[in-house]
Amino acid sequence: MTDIAQVPEPVSAVEPRLGYSRGAMLLHWAIAACFAFQIGVGWRMDGPRGPETFAVYQLHKSIGITILLLTLVRLGWRLAHPAPPFPATMKLWEKRLAHAVHIGFYILLIGLPLTGWLLVSASKTAVPTLLFGAIPWPHVPGVPGLAPDAKAGVADAAEFGHHALIYIAYLLLLLHVAGALKHQFLERGGDLARMLPAPTRALGAAAVAAILALAGLTAIGSIVHLKPIALAAPLPPTPAPAADMLRPTDAPTTGGSPTAEASPTPEATPTPEATPTPDATPSPWTVRRAASSLGFHTAWSQGPVDGSFGSWDAAILFDPAALDASSVKVTIDMASVKTGVDDTESALPGDDWFAAATHPKASFTATKFRHRGGDKYEAIGTLSLRGVSRPLTLPFTLKIAGDVATMRGTATIDRTVFGVGQGEWSATGDVPASVAVNVAIKADRKR
């Protein structure tokens, strides 16, 4: 008879099951879940841009910072709680490879978020990070204030490092999963017992369930619907812009903006309501600032961007029966721009955009008006922005009830004509050339 004592027993029966502590297991699988979901979200960032783009980037940054924080906690836990020994069935080279992969994961799980954080901090877009839409996360100290060339160099290095680490992470992930499955199913070494709290007999099923769960998280991250994030509340609704709102001349009056051909302005046939009254004189009007707004609408990566100006003045002399003698001048403090995002508000007055330090004011001056019938009018004047002056026609609606006037208008301008958006921002791939300028005014007639 065969001696029972000579029959090899399963490793799990002759060796005590030595696994990681419960805290280590919890941190391991929490990081793994975040990383799997992050892979799916990351794939969407390379896809077509759309209204959800800004939300996807914010979620990607939120998960990245979460992984960074969890990894630091995991590293501290690892230093305080030594890892259990490898299974005795593992060869020396396998143990060394597994140890190297573990070290590599620590480097990646810290390096990936850090390079991403550095890339965001050095970006010229200056979009802040709001973790899960609620917790503000600062930029890397000192990076946003670097000189443009130095900041561009940091951004390029961070982008290269971030993408390189992504591909290395895929390789290490493949090695890590393949090694664990090999020892569990091919060699029956029970390596998964070190990180799964399941009974020994159920380790195989638990491993398959864990892999399917992580794959599911990756799939969810790649398709989950995210609510588009608007950078600020939209301005009050305004009428649709006319087709001939911006008519640039052959050359700028001041500054050195690109030139364009002029478009002729067709003369309107006055309606009876627009016929001047010989004895009529325009009235001065005082703007109700609390009931008025001046702002703009554009997009970044096809996501909406709505802004407004907190400081502006309007000198209005107007009467529908005295259009020839009417005039308006609106002066805007360009440093007062608001978008609802602190970093964006800090970037827009800068030299790449409004250049508020050298051109603190923009203005629109009109001394010619046309009545288009009913409550529809046009103000024909000049917009001066960033040291460049161009003709601008502003269609608007006007209703006057006694001594109270309500006006709304929208004009579409080409920001590149005024030099708004320098360097890489002169291109219109991420930020379109067309910007809708919206104005809504309630004013009282002065007596």
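# Salt bridges, cores and surface of a predicted model

Arginine 445 has a relative accessible area of 17%, and because buried means under 20%, this residue counts as buried. The structure described here is a predicted model, and its protein has 447 residues, of which 42% count as buried. Seven helices and 13 strands make up the secondary structure of the protein.

**Overall figures**

- The accessible surface of the protein amounts to about 23300 Å², and carbon and sulfur atoms hold 65% of that area.

**Salt bridges of strand β13**

- The count of salt bridges comes to four, and one of them joins arginine 445 to aspartate 403, with the closest N and O atoms 3.0 Å apart.
- Because arginine 445 lies in strand β13 while aspartate 403 lies in the loop between β11 (388-401) and β12 (404-414), this pair ties together parts that are 42 residues apart in sequence.
- While arginine 445 is buried, aspartate 403 counts as partly exposed, at 31% relative accessibility.
- Another salt bridge is formed by the side chains of aspartate 444 and arginine 288, at 2.9 Å from N to O.
- Aspartate 444 lies in strand β13 (residues 434-445) and arginine 288 in the loop between β3 (283-287) and β4 (293-300), so this pair ties together parts that are 156 residues apart in sequence.
- Both partners are partly exposed, since aspartate 444 has a relative accessible area of 26% and arginine 288 stands at 34% relative accessibility.

**A linked network**

- Arg370, Arg372 and Glu378 are joined to one another in a network of salt bridges.
- Within this group, the side chains of arginine 372 and glutamate 378 meet at 3.1 Å, N to O.
- Arginine 372 is partly exposed, with a relative accessible area of 36%, whereas glutamate 378, at 6% relative accessibility, counts as buried.

**Nonpolar cores**

- In soluble globular proteins, nonpolar side chains tend to be buried together.
- In this model the largest nonpolar core has 48 residues, and Phe309, Trp312 and Phe318 are those with the most contacts inside it.
- Strand β11 gives the largest share of this core, with five residues.
- When its neighbours within four places in sequence are left aside, tryptophan 312 is in contact with Val287, Arg289, Ser292, Ser293, Leu294, Val330, Thr331, Ile332 and Ile441.
- Another core, of 21 residues, lies apart from the largest one, and its members include Phe37, Met45, Ala55 and Leu165.

**A nonpolar patch on the surface**

- On the surface, Trp43, Tyr167 and Tyr170 form a nonpolar patch, and together these residues have about 380 Å² of accessible area.
- Tyrosine 170 has its place in helix α5, which covers residues 148-186, and at 34% relative accessibility this tyrosine counts as partly exposed.

Conventions:
Residues are numbered from 1 along each chain as its sequence is written. This is a predicted model: local features need pLDDT of at least 70, side-chain atom pairs count only at pLDDT 80 or more; totals for chains, interfaces and linings use all residues. Side-chain values use heavy atoms; hydrogens and water are left out. Patches are made of residues with over 30% relative accessible area and no salt bridge: like charges are joined within 9 Å, nonpolar side chains (Val, Leu, Ile, Met, Phe, Trp, Tyr) within 5 Å. Accessible areas come from the Shrake-Rupley method with a 1.4 Å probe; for residues, only the protein chains shown count as cover. Helices (H or I, at least four residues) and strands (E, at least two) are DSSP runs, numbered from the N terminus. Buried means under 20% relative accessible area, exposed over 50%, partly exposed in between (1.4 Å probe, protein chains only). A nonpolar core is a set of buried Ala, Val, Leu, Ile, Met, Phe, Trp, Tyr and Cys residues joined through side-chain atoms within 4.5 Å. Contact means heavy atoms within 4.5 Å.
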